[in-house]
Amino acid sequence: MAPLKYLEQEYPILDSNFQNFCATHGIFSEEDLLLHDLHVLVAFAEQQSTSERLKQGITQVLSIIDGQHQPWLNGMELLEDAQLNKHVLSTGCEGIDLLLEGGLRMGQLTELVGASSSGKTQVCLLATSNVAKKHMGGVVYLDTGNSFSPQRVIDFIRQNSDPAIDQAKHRILQKVMNRILCHSVFDIFTMFDVLHQLEVNLRSQMQKGDCQVRLLIVDSISSLVTPILGGGGSQGHALMASAGFLLKKLAHEHNLVVLVTNHTVGGEGGISKPALGESWKSIPHVRLRLSHDQGSSIYNVSVFKHPSMVSGKAARFTIYD
Amino acid sequence: MEEVVASPREWIDRNESAKTMLARVLTARPLLLLPPLHRVPLRVGNVVELVGTSPSAKTHILIQAAVSCVLPKEWNGVHYGGLDRLVMFIDLDCRFDILRLSKMLKHRINGESNGSLKKIDQEHMDFDLWNNDTKKSPTYDEELYSLCMRRFLFIRCYDSFQFLATLKTLNYRIRKEQELHGISVHILMIDSIGAFHWIDRASTFMPLGATNRKTPSLQTVSETVVQEIRKLLLLHPMLVIATKATIFGDRYSMETKRNLGKLDTSNSRSMSSTSLQLPYREYMPSVWQNGCSHHRVLWINL
């Protein structure tokens with residue numbers, strides 16, 4: 001948000017007289033204008049000798065403020081956007097797809113909660129391989145615990161492919177793997193850097209056919225946020241909330257599926273509950289709980305929270321080695 | 001000024017009796033029966049806060065109320081019982097799903113029109129009339145549906161500054177939309193008023209320059225929000241419904257279940273009235289709490 005004096009170039013009505021008038025009321029930039037009562041300002045402007053010009057300046061400033069927020073849309077426009085752009089991407093795992101009525105939805109932030117080795121990373125890798133191969137979309141994988149395994153992704157890709165086509169296989173494999181970008185991030189500030197860079201790239205990117213990023217995975221977001229939570233200050237919670245907003249903004253504006261993983265902590269009465277606390281609960285759109293039957297390759301997934309589904313719905317699926 | 005002094009008798013004479021005043025107020029500001037909040041006597045000019053944990057059905061209630069508001073009272077002979085007004089929705093949580101609203105609206109429209117078609121069939125027993133109505137029904141449902149969807153106005157905000165910018169220009173926007181649609185805005189919905197709470201609380205802006213400069217902080221932002229809403233209600237009387245998610249749930253849930261009679265006095269941000277028994281910890285500044293005229297707590301046990 002610019003200080004008022006920089007707006008003078010573009011809007012000559014906000015001249016030095018206007019700026020001095022505003023300065024007497026403690027307004028130096030657009031942010032100050034947002035916190036000030038503009039009707040009171042108009043009343044003060046009337047008492048000045050150059051009241052007409054000042055009032056025109058205030059009107060001009062109001063129209064600048066009108067450009068500061070997102071555009072107003074009506075229900076039909078929202079619906080058209082949802083139907084045209086916000087499709088569903090299948091995860092490659094039938095159980096989860098059935099549970100979510102098709103798969104992961106673009107424009108939404110989905111969270112996978114589970115204890116350690118409950119299959120969260122496996123599901124992420126499976127989704128990565130599926131999006132890169134079947135949906136031919138780009139994948140950005142933010143790995144916080146060195147759990148990204150290219151070999152496992154190749155295994156998943158090879159599982160569903162036709163064994164008859166062998167010659168072009170290597171080239172196809174290379175093409176698919178080129179769509180996956182993996183970043184190692186070990187603290188939340190690096191994650192913000194990577195996400196901001198991604199935002200810049202997405203905004204300036206031309207529609208390059210099949211290299212359009214479709215899936216963003218953060219595995220796991222809890223390991224980035226937990227070290228900064230607590231300690232009595234609100235900085236940790238503020239960073240967590242900002243991260244949530246940034247992920248949702250990327251999901252909505254660039255039509256991405258955003259998938260994050262979270263671990264569990266002990267709660268009251270010994271029942272485990274998701275980490276990151278109460279404030280995080282209202283950030284993701286969809287929350288799924290994963291668990292793993294000991295010694296088998298069968299996983300359970302149940303719905304914690306979904307915008308249009310009752311929580312508690314469950315399904316089982318298998319991930320083969 | 002001279003006129004008032006000249007006739008002091010007129011000044012102390014009564015303007016109207018209580019009965020006429022009540023009649024006038026009830027017609028100008030009627031009670032709103034908005035399902036699912038129809039048990040709560042709401043009137044335009046009220047600011048209602050729906051509090052609950054996440055997930056409770058707060059957004060669901062907002063969507064139901066929005067459907068009731070945008071539907072007309074009657075359309076093509078079918079009674080819908082709606083308020084026939086515009087709804088403005090400010091999404092601070094950025095989690096709104098338009099498909100839910102769409103499904104609920106379609107369900108409501110189809111439910112009502114199917115009910116009335118059956119009635120016509122029984123009453124008239126006229127096959128031609130019935131055939132004509134069934135031919136008409138898919139098309140006029142679509143028309144009504146798209147009319148109602150267009151009456152729902154939506155915006156999302158990613159931070160407090162965008163929210164403040166929206167509120168400041170809301171007056172002009174409402175006027176424009178009212179001219180466009182020909183009907184007035186009845187409800188302003190804010191989904192999750194506490195969405196930016198942590199971000200605002202942690203923002204420490206260095207006080208630069210003049211001493212009369214307001215630095216953006218939780219207190220100043222909340223004061224400005226309340227001020228703007230108050231001014232808006234003076235110009236455009238409407239109902240404001242805001243949802244709020246509790247953010248200090250679990251730590252206090254066991255305690256409060258046991259001590260429901262006592263007040264959580266360790267909370268520095270709680271309301272000063274000791275007679276209130278809050279099953280959750282209040283975190284919004286008191287300027288917002290005092291700005292709300294109704295508090296409805298939704299406590300859903302999972």
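Author: In this predicted model, helix α4 of chain A, which covers residues 38-46, packs with helix α5 of chain A, residues 51-66, at an angle of about 160°, and the axes of α4(A) and α5(A) lie 8 Å apart. Because angles over 145 degrees count as roughly antiparallel, α4(A) is roughly antiparallel to α5(A). On the side of α4(A), the residues that make the contact are A:Leu38, A:Leu41, A:Val42, A:Ala45 and A:Glu46, and on the side of α5(A) they are A:Ser51, A:Leu54, A:Lys55, A:Ile58 and A:Leu62. As for the sense in which the helices pass, α4(A) makes a right-handed crossing with α5(A).

Helix α7 of chain B, made of residues 160-168, packs with helix α10 of chain B, made of residues 218-235, at an angle of about 20°, and here the axes are 10 Å apart. Since angles under 35 degrees count as roughly parallel, α7(B) and α10(B) are roughly parallel to each other. Here α7(B) contributes B:Ser160, B:Phe163, B:Leu164, B:Leu167 and B:Lys168 to the contact, while α10(B) contributes B:Val221, B:Thr224, B:Val225, B:Glu228 and B:Ile229. The crossing in which α7(B) passes α10(B) is left-handed.

The chain that holds this second pair has 12 helices and 10 strands in its secondary structure, this being chain B. Chain B has 302 residues, of which 47% count as buried, and its accessible surface comes to about 16,100 Å², with 55% of that area belonging to carbon and sulfur atoms. If one takes the contacts in chain B between residues at least 6 apart in sequence, 76% of them join residues at least 24 apart.

Back in chain A, a few details of the backbone deserve a careful look. A:Ser117, although not a glycine, has a positive phi of about 50°, and this residue sits in the loop between β4 (109-114) and α8 (120-133) of chain A. With a relative accessible area of 64%, A:Ser117 is exposed. A positive phi of about 50° is also found at A:Met136, which is not a glycine either, and A:Met136 belongs to the loop between α8 and β5 (138-143) of chain A. The relative accessibility of A:Met136 is 45%, so that this residue counts as partly exposed.

Further along chain A, a cis peptide bond joins A:Asp219 and A:Ser220, with omega at about -5°, and A:Ser220 lies in the loop between β7 (213-219) and α12 (221-225) of chain A. Strand β13 of chain A, residues 314-318, includes A:Thr318, which is partly exposed, with a relative accessible area of 33%. From C-alpha to C-alpha, A:Thr318 and A:Asn300 are 8.7 Å apart in space, and along the sequence they are 18 residues apart.

Methods. Residues numbered from 1 in each chain as written. Chains lettered and ligands numbered in written order. Predicted model: local features only at pLDDT ≥ 70, side-chain atom pairs only at ≥ 80, totals over all residues. Heavy atoms only, no water. Helix = DSSP H or I, 4+ residues; strand = E, 2+ residues; numbered from the N terminus. Buried < 20%, exposed > 50% of the residue type's maximum accessible area, 1.4 Å probe, protein only. Contact = heavy atoms within 4.5 Å. Areas by Shrake-Rupley, 256 points an atom, 1.4 Å probe, with all protein chains shown as cover. Axes fitted to C-alpha atoms, helices over the stretch in contact; angles between N-to-C directions. Parallel < 35°, antiparallel > 145°, perpendicular 65-115°, else oblique. Left-handed = near helix turned anticlockwise from the far one by under 90°.
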